[in-house]
Amino acid sequence: MRPRDRLRIAMQKSGRLTEPAQDLLMRCGLAFRQSRDKLFCFGEGEPVDLLLVRDDDIPGLIAQGVCDLGIVGRNVLNEYQLTAGREDAVALAEWRALGFGRCRLSLAVPQEMDYAGPVCMAGKRIATSYPGLLGRWLRERGIDAGVVTLAGSVEIAPRLGTADAICDLVQSGGTLAANQLRETDVLLESEALLVGPQVLPADERGDLVGLLLKRIDGVIQVRESRLLLLQASRGSLEAITRLLPGGPQPTLLPLAGQPDQVMLQALCAGEVSWRQLEEIKKAGAREMFVLPVERMLA
Ligand code: ATP
Ligand code: MG
């Protein structure tokens, strides 16, 4: 493959990961011009382009060097790693866990089935779109079950009589309940990942990946962060500090002309609720502000 001087990121064209992945890249300062066929988006500013594809194709595109990075669920990455037999393909690595697209790959059985553990699956047929992950799980437990591979609508297989149980992605459990199925075992916890080759290209693209990873770390870190500002007397600081939500040590700033008063600035890892603010106020804080954090570069 001819070396490229622009970085190419594969992401899902249309589905659950599309909007959060676009949002992440936008927060990293990347902007794209969408082409008319909507498969390729040319990056404006940074030399980073997007390829919009089906999520199942993403690991293969990276392994073949067509794309340098991809945003895809761990379920899809691991299934690819277990089933793709290409020897010339490069090994893939999880570069970052991105915190969205969370779900789990679970075994589910009809509600009325007597289920006393995985051994109950011996001799049964299990419908799934993840034969690699299910096959490994069964092998590890020494269970001999039939794996029925379906591309979609796995949850109706037991009602149609084509399988006795299913192994599928679950988020809230609503789809399982609607199909009279009961989740019994979690095979894999999944979320969206930034995936890339284990060894980065030794050209400008490697440097671009380094830059992007730093920005992604910044975005992930501040996504939930709040900056808490308040004033207090030095005497009440100990009590106030004890009530602060998790985060690094707060910073104290002197207040002009008030030697026994300070301003406290704390980066909090997560929401700061009204209740927490009221408690902190009771401990002696005044003039409290909770601010969202826009960007952070450590
Ligand atoms: P494509 O057309 O790109 O192949 P798809 O139908 O395979 O789309 P989506 O349903 O959009 O994919 O799901 C994309 C990813 O979102 C999944 O692979 C998984 O990582 C994650 N996800 C999160 N929650 C769920 C859920 N409840 N069901 C399915 N996928 C989920
Ligand atoms: Mg798919």
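In the predicted model, ligand 1 is surrounded by 15 residues, the closest being Gln12, Arg54, Asp55, Asp56 and Asn75; a residue is counted as near a molecule if one of its heavy atoms lies within 4 Å of it. By class, this shell comprises four nonpolar, six polar and five charged residues, where Asp, Glu, Lys and Arg count as charged, Ala, Val, Leu, Ile, Met, Phe, Trp, Tyr, Cys and Pro as nonpolar, and the others, Gly among them, as polar. Residues are numbered from 1 along each chain as its sequence is written, and local features need pLDDT of at least 70, whereas side-chain atom pairs count only at pLDDT 80 or more. Chains are lettered from A and ligands numbered from 1 in the order in which they are written, and side-chain values use heavy atoms, with hydrogens and water left out.

For arginine 16, a polar backbone atom is 2.9 Å from an oxygen atom of ligand 1. The protein buries 77% of the 620 Å² that ligand 1 exposes when taken alone, by the Shrake-Rupley method with a 1.4 Å probe.

An automatic or database assignment gives domain 1 (7-100 + 191-222), domain 2 (103-190) and domain 3 (224-292). Domains 1 and 2 each contribute at least three residues to the shell around ligand 1. Their centres, taken over C-alpha atoms, are 29 Å apart. Ten residues of domain 1 are in contact with ten of domain 2, contact meaning heavy atoms within 4.5 Å.

Terms used:
A polar contact is a pair of N or O atoms within 3.5 Å; within protein, one must be able to donate a hydrogen and the other to accept it, and residues adjacent in sequence count only if both atoms are side-chain atoms.
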